[in-house]
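Open the structure in your viewer and keep the selection panel at hand. The stops below go one selection at a time.

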Amino acid sequence: MIKKRFLSFLIVLSISLCLTSFGNEPQVIAIRAGKIWTVTDGVITDGIIIVDNGKIRAVGQEVDVPEGVNILDMSDKNIIPGIIDGHCHIGLSLDIFSEMDETVAAIAADMLILDAFNPHSKDVKKALSSGVTTVMLAPGYRNPVGGQPAVVKLDTSKANDWVLKRSAGVEFSLMNQALMFDREPTSRAGLIELVKEQLNEAKVYQEGFNPRLEVLNRVVDANLPAYIWAHTVDEIASAMAIIDQYNLNAVLVAAGQGDEIADMIAKRDLPVIYPPLLLSSKDKDLKRVGKMAGSGVKLAFASLAPRTDLNDLRTSAILAVKYGLDKEAALKGLTINAAEILGVADRLGSISEGKDADLVILNGDPLQPASSIEMVIINGNIVYQRLEE
Amino acid sequence: MLKGVSLIYLQGIEMKSIKRIAILASLFLLFISVGTLSGQEIAIKAGTILPINDAPIENGTILIKDGKIAALGQNIAVDSDIRVIDANGKFVMPGMIDVQSRLFVIDSELNESRTIAPELSILDGLDPYIEESPEVAAQGVTAIYITPGSRSLIGGSGAVLKLNGSKDVGEMLLKDNIAVKAAIGVSANNESSSLGRLGDYSSIREALLETKIYMHNKEKYEREVAKYDKKMAEYEKKKETKPAEKIDKPKRPARFRLDPTHEVLAKVLSKEIPLQIEAHRVTDILNALRLADEFDFKLILDKCTEGYMIAEEIARSKAPVILGPVSTSFNDMPRLEYRNHDVRNAAILSEKGVKLALGVSGKDGASSKFVALAAAIAVGNGMDKGMALRAVTLTPAEILGVADRIGSLQVGKDADVVILSGHPLDTLSRIEMVLIEGKTVFERKDQQ
């Protein structure tokens with residue numbers, strides 16, 4: 001056992017040496033893999049990925065490896081693109097009982113969630129160990145208009161451009177949780193009215209020094225996405241009414257009961273960032289995500305961490321498959337769908353030429369919880385290895 | 001008896017029809033006997049049997065008789081007239097156990113408001129009509145262990161139930177008084193402040209010390225009673241033989257008040273029942289180990305969230321652990337105790353040689369259906385496959401003292417059997433059939 005451990009340690013050590021020995025010079029690495037799940041172009045068995053300066057230069061079975069390039073042998077491993085968490089709240093607070101929302105003001109559109117992010121939080125390391133390489137940092141669901149989420153890559157130790165989007169849109173919440181007894185709105189009708197009032201005001205806003213209206217103005221112009229929390233059927237219906245009225249470029253967040261009106265969601269091409277499949281759910285609720293995707297709704301998964309364990313973003317997708325979601329759709333929900341919904345698909349979400357070399361290496365099928373994540377690579381750099389302590 | 005009935009019946013019939021009726025009757029008897037036989041005897045012809053206590057058996061057969069496993073192996077003779085379940089190409093394993101279940105309990109019924117209440121039994125707060133129960137059995141979980149919650153310091157005793165579909169707690173019950181549940185440093189009762197933690201520890205210790213005194217006083221009383229009985233006998237004898245002599249009647253010792261709290265804890269201190277202590281953080285786990293050292297009781301460590309930080313100490317103590325949740329997602333909201341939760345906990349403890357059962361420890365009863373998923377997540381985070389499977393079958397049965405009945409496929413044990421389309425740690429394997437004591441409690445309908 002110990003001998004085996006030591007051996008694997010040596011292997012990892014040599015791999016990391018070969019990956020890091022390039023220093024600051026332009027790095028070219030070839031990775032030979034047993035199975036490459038490209039996501040957008042099927043599964044390549046016994047393929048090669050050429051990583052050049054943090055980008056994927058080539059991928060396929062018949063790929064020429066340039067002379068003098070070290071080959072990383074992963075021929076018994078599975079490689080998938082870095083997993084993208086559609087919505088989470090990591091690194092935003094000192095404690096697990098994080099406060100993600102403004103509790104006194106109902107409207108916080110000018111608030112940037114990135115300002116509260118601690119890039120050295122231990123959550124970041126935890127996310128990496130679970131194969132998550134990019135996240136949308138989001139506020140919670142207690143503010144009717146709730147601040148601007150950010151999209152960040154999790155190689156935050158480097159002083160490079162890990163912030164992909166400082167402001168990825170504006171969050172809205174039409175959920176009952178946005179109602180409070182000690183500040184407006186206190187009723188559902190009041191909540192809808194308040195949101196509309198803000199959008200009306202933003203619509204007629206010309207110019208000036210009002211950051212709140214400035215950002216909302218970009219939302220009603222449909223060039224900045226609106227991320228709308230709505231969970232139950234009535235909340236989703238309210239969201240769609242507002243989306244229609246103001247012609248918003250919108251994404252539904254949560255939509256747990258969305259399967260019941262999946263046709264209406266699909267008709268509007270509204271993508272959904274789906275909340276974690278809770279391990280206390282009844283079978284009936286676990287089947288909802290598969291039904292919704294079956295109706296043609298584009299889905300991405302979210303951990304909402306620390307509400308659930310970051311490790312279980314992948315578990316969510318696996319459970320969705322167990323309860324009826326198509327396997328391919330599940331993998332897309334962890335990668336390319338999330339990238340498209342968050343507007344970063346030009347760089348992330350699949351193993352294709354020209355995209356960032358954000359890769360997750362597993363010792364088995366990515367949609368099995370018993371498969372371990374052995375290594376995580378962001379921009380061609382190893383950011384997590386299983387045996388490191 | 002049936003034969004007797006038919007003979008009596010025959011007596012009143014004319015001779016010419018006797019022959020015909022005799023044939024009919026014997027056919028009827030044959031039918032009855034075959035019918036009852038097939039109810040008693042079942043053969044499962046499996047692809048791969050995972051007995052858990054032993055190496056896997058390829059193309060094996062399990063013979064079930066009267067709800068028990070009568071034989072298993074590769075060359076088992078099967079009578080042609082018994083029911084055969086064809087599980088060719090499928091996996092067969094013992095029913096899984098959720099060692100931290102909340103099925104049948106409503107949150108408020110988990111604890112009494114008193115903090116020291118070891119005499120309570122979880123059986124008195126169960127609702128067997130909870131609808132999630134069939135969903136749990138349908139995932140191959142055939143037995144659950146439920147205990148009082150963590151709001152009381154000593155909250156009462158837990159029980160093992162079988163998910164046999166009965167609505168009668170008595171019929172589901174496999175064994176009660178498994179262990180007395182205690183909790184140290186759980187935020188539900190004291191916000192986990194260090195002051196509360198000291199208080200928890202000392203309150204439990206105080207209760208155990210009082211029990212020691214109680215046991216001492218009870219023994220003293222019993223000795224005095226014995227002495228009194230002896231004196232009384234002498235007195236009666238003397239009164240009979242020498243009635244003239246004046247003798248003092250012996251004085252009866254003052255009555256000893258039996259106390260249910262201390263009676264139960266006395267069983268803990270005399271090692272009849274283990275004390276199961278829920279402890280999450282290192283301090284609390286070490287305190288639990290310290291208590292077990294001081295009072296010499298059988299300790300079961302429950303939850304053990306930060307156990308990986310002191311794996312060697314736990315291994316040295318030989319205390320078994322029922323660990324969970326493997327992932328905090330099994331609970332909907334993060335709790336303060338999970339601050340240092342690590343998915344590798346099970347792998348690290350098990351590698352150090354700790355006897356370990358994996359529980360789901362879910363928020364609701366429905367979570368119990370994810371026992372196999374919990375084991376698979378543990379494997380994905382470094383736990384040995386065999387150990388993980390054992391941790392949801394035989395190890396919990398051993399820790400809970402029910403391994404004579406459940407936990408593995410062995411001759412003589414209950415026929416609690418799960419048939420799966422693939423390996424149990426493959427999350428996409430489907431459960432085909434679940435038997436409890438030979439009776440089918442779940443069968444997949446959409447056979448493909």
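Predicted model: local features only at pLDDT ≥ 70, side-chain atom pairs only at ≥ 80, totals over all residues.

Residues are numbered from 1 along each chain as its sequence is written, and chains are lettered from A and ligands numbered from 1 in the order in which they are written.

Select residues 2-80 + 350-385 of chain A for domain 1, then 83-341 for domain 2; the bounds come from an automatic or database domain assignment. Their centres, taken over C-alpha atoms, are 31 Å apart. Domain 1 of chain A puts 18 residues into the contact and domain 2 of chain A puts in 20, where contact means C-beta atoms, placed from the backbone, within 7 Å.

Next, pick β15 (373-378) and β16 (381-385) of chain A: these are the elements that give two or more residues to the domain 1 side. Strands (E, at least two residues) and helices (H or I, at least four) are DSSP runs numbered from the N terminus.

Now show chains A and B together. Here 23 residues of chain A meet 28 residues of chain B. On the chain A side, select helix α9 (residues 312-322), which supplies the largest share, five residues.

Methods
Contact = placed C-beta atoms within 7 Å.
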